[in-house]
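Here is a short briefing to read alongside the sequence and the 3D view. Keep both open and follow the topics in turn.

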Amino acid sequence: MAQKYLLGLDLGAGSLKATIIDAAGHIIGEAAHPITTKIPHFGWSEQDPAEWFTALCAAIPAALEAASLPASAISGIGISAGAHIPVLTGAEGTILRPAIMWNDQRAAPQAAALHEKAGAKIIATSLNRANPTWTLAMLAWLQEHEPATMARVKRLYLAKDWLRACLTGTWETDFSDAIGALLADNATKTWSPELAALIGINPAILPPIVPPAHVVGTVTPEAAARTGLAAGTPVICCSNDTTVEFFGIGATTPGIGGVKLATAGVLYLATLGPEVHPPISCYPHIMPGMYYAATGTNSCASAHRWLRDLMFAEGGFEAMDTLAAATPPGARGLLFHPYLQGERAPYWDPLLRADFIGLTITHGKPEFARAMYEGLAFSLRDLLDAARALGFSFGTIRLMGGGARSACWRQIIADVTGLTIERTEAADASFGAALLAGIGTSVFAGPEDAVARCVRLADVTVPNPERQQFYEKLFHIYKDAQAALAGINHRLHGLAG
């Protein structure tokens with residue numbers, strides 16, 4: 001029997017990644033292509049969907065070349081992307097405006113108005129509270145500020161659905177992304193006319209909802225010519241990045257936790273049935289009947305990248321990591337709050353600003369690198385404490401995202417949180433998307449079979465008791481400083497604005 005290969009694609013905030021795996025979950029080839037984010041105003045974040053497809057057309061041939069495979073060897077394709085990101089198209093599929101990203105904060109007034117007007121209804125129907133980073137609030141902002149654009153909308157795509165449509169020409173989404181739009185009804189598993197009416201949109205612009213592993217179409221000849229794929233290759237619906245990534249680390253039973261170290265920092269917990277505790281998010285899981293709680297910051301690897309570009313342009317991430325590992329805990333009194341684009345959980349304050357405090361003339365690049373790692377770990381601890389206060393319980397945590405490769409960062413997270421940290425051999429959304437493609441194309445018998453055959457543990461990091469005690473004290477200083485500086489952040493924003 002010929003070997004089966006699967007292609008997973010993930011549209012991240014900074015790049016599009018293509019990963020090819022075999023039926024045992026081994027990565028055979030991978031490639032990535034950068035994506036540009038535009039920030040026209042403080043708190044805004046936009047991307048051009050056309051650039052996503054350009055990146056896809058570059059990443060797929062590079063991954064096939066890295067795998068030394070012909071396009072005909074690919075048995076199935078899955079595409080994931082960030083949740084909440086709307087792509088609005090008009091007549092003949094024309095893109096009407098740039099896509100508003102999940103970390104955009106402009107819709108804060110609209111989110112507050114929606115919560116005041118119908119907060120209980122929104123939560124009861126779609127499991128989550130309206131905030132600026134959800135599609136419902138974004139569309140409310142567009143209705144208010146760009147009504148002419150909204151009047152021309154014929155179809156709304158979520159990000160991964162628009163990119164997939166470039167391959168198949170089809171229009172659909174999955175239920176996890178529908179909940180992420182804050183426009184779906186968890187009871188009926190369909191779109192909610194009542195929620196659509198809150199912002200004055202016609203439900204006809206919303207796509208059909210299908211299972212995530214459902215094969216929705218095949219690669220068209222036109223798409224094959226652009227991408228290097230084989231025409232006729234099956235393509236599944238797939239799901240958003242957090243959903244497939246959490247599944248891809250083997251989180252298939254209730255109680256498993258996860259932390260994602262990517263553009264944002266995200267904390268997860270798998271649950272049996274929905275656990276609704278706003279502002280913690282609740283999404284449908286890949287596993288039938290399961291959901292997962294998710295709460296996230298605005299900056300994680302994006303802050304890492306920002307400091308690299310600012311201070312470590314020559315040595316890059318490896319130089320940062322080496323210096324951070326060689327610097328003592330506490331970075332000799334330098335403390336970092338990572339609010340470079342305002343903050344989501346646990347503060348939900350778009351006006352917060354990042355800072356380094358405690359700076360002296362003796363500090364240099366090593367301390368900045370260490371303080372950055374520690375500040376990001378403290379922001380994750382902030383998420384954990386807020387979730388625990390709502391009744392969630394965490395034991396072992398599995399790491400996801402590119403940041404998980406750093407042994408130094410893994411140890412800091414273990415020491416700051418007091419939790420055992422596990423890392424799987426593959427731990428990103430493109431891998432999870434490939435697994436789903438295998439389920440949809442019958443390479444795997446189902447989700448459990450895919451995980452059993454393909455998910456393997458790479459290493460385990462346990463907390464150091466002595467450093468854990470030190471970081472407990474430093475975390476309280478981090479919290480006190482955040483509270484003291486919040487009002488100053490607001491005043492600075494008013495002055496800068």
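Helices (H or I, at least four residues) and strands (E, at least two) are DSSP runs, numbered from the N terminus. With that in hand, P279 lies in the loop between β14 (265-272) and β15 (281-284). This is a predicted model, in which local features need pLDDT of at least 70 and side-chain atom pairs count only at pLDDT 80 or more, while totals for chains, interfaces and linings use all residues. Residues are numbered from 1 along each chain as its sequence is written, and side-chain values use heavy atoms, with hydrogens and water left out.

**Helix packing**

- Two packed helices are described by the angle between their axes and the distance between the axes.
- Helix α10 (residues 301-311) packs against helix α12 (residues 365-389) at an angle of about 170°, and their axes are 10 Å apart.
- That angle makes α10 roughly antiparallel to α12. Angles under 35 degrees count as roughly parallel, over 145 as roughly antiparallel, 65 to 115 as roughly perpendicular and the rest as oblique.
- Axes here are lines fitted to C-alpha atoms, for helices over the stretch in contact, and angles run from 0 to 180 degrees between N-to-C directions.
- From α10, the residues A303, H304, L307 and M311 meet K365, F368, A369, M372, Y373 and L376 of α12; contact means heavy atoms within 4.5 Å.
- Sorted by class, this contact has eight nonpolar residues, one polar and one charged. Ala, Val, Leu, Ile, Met, Phe, Trp, Tyr, Cys and Pro count as nonpolar, Asp, Glu, Lys and Arg as charged, and the others, Gly among them, as polar.

**Buried and exposed places**

- Buried means under 20% relative accessible area, exposed over 50%, and partly exposed in between (1.4 Å probe, protein chains only).
- Helix α13 (residues 407-417) has nine of its eleven residues buried, so it is largely enclosed by the rest of the structure.
- The buried residues of α13 are C408, W409, R410, I412, I413, A414, D415, V416 and T417. After α13 comes G418, with a positive phi near 75°.
- L16 lies in strand β2 (residues 15-22) and is buried, at a relative accessible area of 0%.
- Beyond its neighbours within four places in sequence, L16 is in contact with a set of residues including L9, A31, W52, L56 and L163.
- S393 lies in the loop between α12 and β19 (397-400), and at 57% relative accessibility S393 counts as exposed.

**Aromatic rings**

- A pair of aromatic rings is described by the distance of the centres and the angle of the planes.
- The whole structure holds 17 aromatic pairs. Rings of Phe, Tyr and Trp (its six-membered ring) pair if their centres lie within 6.5 Å; planes under 30 degrees apart count as stacked, over 60 as edge-to-face and the rest as tilted.
- Y283 and Y292 are a stacked pair, because their ring centres are 5.4 Å apart and their planes meet at 20°. Y283 and Y292 are both buried.
- F356 and F368 pair edge-to-face, at 4.7 Å centre to centre with 65° between the planes.
- F356 is in strand β18 (residues 355-357) and F368 in helix α12, so this pair ties together parts that are twelve residues apart in sequence. F368 counts as buried, at 12% relative accessibility.
- One aromatic cluster is formed by W134, F246, Y268, Y283 and Y292.

**Charges over rings**

- A charge sits over a ring if NZ of Lys or CZ of Arg is within 6 Å of the ring centre and within 35 degrees of the ring normal.
- The charged end of R353 sits over the ring of F42, at 5.2 Å from its centre.
- The ring of F312 has the charged end of K365 over it, at 5.8 Å from the ring centre.

**Backbone details to look for**

- P278 and P279 are joined by a cis peptide bond, with omega about 10°.
- Another cis peptide bond joins A345 and P346, with omega about 0°; P346 lies in the loop between β17 (335-337) and β18.
- L182 is not a glycine, yet has a positive phi of about 60°. L182 is in the loop between α6 (175-180) and β9 (184-185) and counts as buried at 0% relative accessibility.
- A331, also a residue other than glycine, has a positive phi near 50°. A331 lies in the loop between α11 (316-325) and β17 and is buried, with a relative accessible area of 0%.
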